[in-house]
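My entries follow in the order I made them.

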Amino acid sequence: MNTNLTPRTPAPDRGGPAQPMLIVRDLKKYFPVRGNLLQRKPKFVHAVDGVSFSVPKGKTLGIVGESGCGKSTTARLIAHLMAPDSGTMIFDGEGVAEYGGLELKEFRRNLQMVFQDSFASLNPRLTIADTIAYGPRIHGIAATEANRLTHDLLARVGLEPGQFGSRYPHELSGGQRQRVNIARALAYDPRLVILDEAVAALDKSVQAQVLNLLQELKAERQLTYLFISHDLHVVHYLSDYVMVMYLGQIVESGPVENIYGEAAHPYTRALLSAVPSMNPEHRTLVSPLAGDPPNPINAPSGCRFRERCTHAQAICEALTPTIMEVGNNIHHQVACHMNNPMSGHTETIQEISA
Amino acid sequence: MTTSLLMPLPAVAAPGRSYWAMVWYQLRQDRMAMLIASILLLIIFSAIFAPWLAPADPYKASMLHRLLPLGSEGHLLGTDELGRDMLTRLMYGGRISLLMGVIPVLAAFVIGTAIGLFAGYMGGKMNMIIMRVLDVFYAFPSVLLAVAISGALGPGMSNSLIALTLIFVPQVVRVAESVTTQVRKLDYIEAARMSGAGAFSIIRVHVLGNVLEPVFVYSTGLLSISMILASGLSFLGLGVKPPEPEWGLMLNTLRSAIYINPWLAALPGVMIFITSIAFNLLADSVRSAMDIRR
């Protein structure tokens, strides 16, 4: 594998446009919970429990869900920042870190991540320019070339290179720091960028600027985004496809217009109705979702959402719903017994959405 | 983002942009620090250049001029119990006393940071093993441990240096390890891993720079302790041997003269006191000067 690729030449498109950028199959990560000395059996938090999805090239997949539903763990597993317990990943038609597949270093050139905490993700002892140039230097780019690249990137993300390059992170505002993080992620022309709550910590006006920057960069560089957020407005704005997670599992996924227009899963509906309405005539008067997510150590049997679901029936406790297409739309999938006429659930998706 | 909307720079718009230049700039503004630094420099200077500056021979005894008081003719600070010039011996004594203060701390700083970085970055079981082993050293009071090690190795300057280094290593490791463990979990380390960098590069560029600062500050605080412990060892007869001039040893031998000429007997103690408190205060100033970031 050639490791001396300059960052200016984008990594080659291997699988062609129809090949999804990333396919994830049955990803699992259990964290052991430390009990006391006398506790015999170790317990596990099922942080990510059998997640499968694919991200088409040049599109944005938004992942939404409450805190602790496994969004960020999923991101870290994909980025190989932690090792999954099981599951496979195919990046543009090739397995990662497997025999004959992509080497990890090469894979990481193709995939970059922008973190939520803009301050913690920048080394306080390095100047902005040094931070951005670090990655290319690691990949063997000469110092002058790396400096030029840093200069261009800073200018591209809207920071005057002469002014900001020699500054330290604490001298920048949150929005400026997040631009630096984006510039760093783009330093080697990645093809897939994971945005882990990348705009969540910014205030609304800055958030809008950064989102627009992300949209522009995506178009310019043919990027594919994996956008993780709990902000449904932002996901709606940026995503092509949306995946809703609950307690480490996918409950619903589909094109953004299907999810926001005709959400099938009761959880997705609850999330959407929890978004404050702009119209005072349509106030949210009843809390759409009661209680906290159950303890992930002892996740409920059957459907994990059943304890908070207003439509729960006996079948929901007995059987775990499988993820199935909604109607004839092969892209829109949901894991709910009400979607399956054979399940024995007396209600249907169509009834409750009416 | 236009240039007119720039964030105002912090108060330290130092001319040099490098971190240490900014620390130096900050330190220069601190009058107390500058005063203390000049006192320390004076002591260090007179110790280094003692052979040229000292008025007399530090080993030349004179039975006729024993225990002369301060301000005697020809002996500005009097003479000791063997009639040797006190000023000369204090200047020469500074050479060994300062070395005994600085060398163990320097050695412990290097060794301790290396071990602490390794333990902190590896984490898990390795960390457990290293830290628990060092806790054994840590459990003893440092004076007791210094006496025990020096006693076991036998008296002498190099053995006291080893003993003092062994005492300070676990303390430095603790600080380095805890800071490394904190830093290791931060996002910028993950971002560096994402860039495909190896562990060595990450430690060198991203961890070391952030760990060095608190460890450095902690170590400067150890300087005075090291000096006092070294003097203590010499006082107990475990460090430097007579007739070598050393502040702790001088304090011991002049002990018997305390009823005859108390001011004279106190002089070596005064030197130890001034030097160690100067180190301490300077460490404080350096600490606050290094705090400009965040």
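**Terms first.** I call angles under 35 degrees roughly parallel, over 145 roughly antiparallel, 65 to 115 roughly perpendicular and the rest oblique. Axes are lines fitted to C-alpha atoms, for helices over the stretch in contact, and angles run from 0 to 180 degrees between N-to-C directions.

**Ground rules.** This is a predicted model, where local features need pLDDT of at least 70, side-chain atom pairs count only at pLDDT 80 or more, and totals for chains, interfaces and linings use all residues. Residues are numbered from 1 along each chain as its sequence is written, and chains are lettered from A and ligands numbered from 1 in the order in which they are written.

**Chain B overall.** I found eleven helices and zero strands in chain B. Helices (H or I, at least four residues) and strands (E, at least two) are DSSP runs, numbered from the N terminus. The C-alpha trace of chain B spans about 80 × 50 × 30 Å along its principal axes.

**α1 on α11.** How do α1(B) and α11(B) lie to each other? I read an angle of about 125° between α1 (residues 19–29) and α11 of chain B, with the axes 9 Å apart. The two helices are therefore oblique. α1(B) passes α11(B) in a right-handed crossing. (A crossing is left-handed if the near helix is turned anticlockwise from the far one by less than a right angle, and right-handed if clockwise.) B:V23, B:Q26 and B:L27 of α1(B) meet B:S285, B:V286 and B:A289 of α11(B). I count a contact when C-beta atoms, placed from the backbone, lie within 7 Å. These residues divide into four nonpolar, two polar and no charged. Ala, Val, Leu, Ile, Met, Phe, Trp, Tyr, Cys and Pro count as nonpolar, Asp, Glu, Lys and Arg as charged, and the others, Gly among them, as polar.

**α2 on α11.** Next I took α2 (residues 31–48) against α11 (residues 262–289), both of chain B: about 140°, axes 9 Å apart. That makes α2(B) oblique to α11(B). This crossing of α2(B) past α11(B) is left-handed. On the α11(B) side I noted B:T275, B:A278, B:L281, B:L282 and B:S285; the α2(B) side includes B:M32, B:I36 and B:I43. The contact of α2(B) with α11(B) holds ten nonpolar, two polar and no charged residues.

**α4 on α5.** α4 (residues 86–122) and α5 (residues 124–139) of chain B pack at about 145°, with axes 7 Å apart. Among the residues that meet are B:A119 and B:G120 in α4(B) and B:G124 and B:I130 in α5(B).

**Bends.** The bend at a residue is the angle between axes fitted to the seven residues ending there and the seven starting there. α7(B) bends by about 25° at B:F168, and a proline, B:P170, follows within four residues. α9(B) has a kink of about 50°, centred on B:V207. (Expected span is 1.5 Å times one less than the number of residues.) Just after α9(B), B:G237 takes a positive phi of about 85°.

**Chain A side.** I found 25 residues of chain B in contact with 31 residues of chain A. On the chain B side, α8(B) gives the largest share, seven residues.

Key: Two residues are in contact if their C-beta atoms, placed from the backbone, lie within 7 Å.
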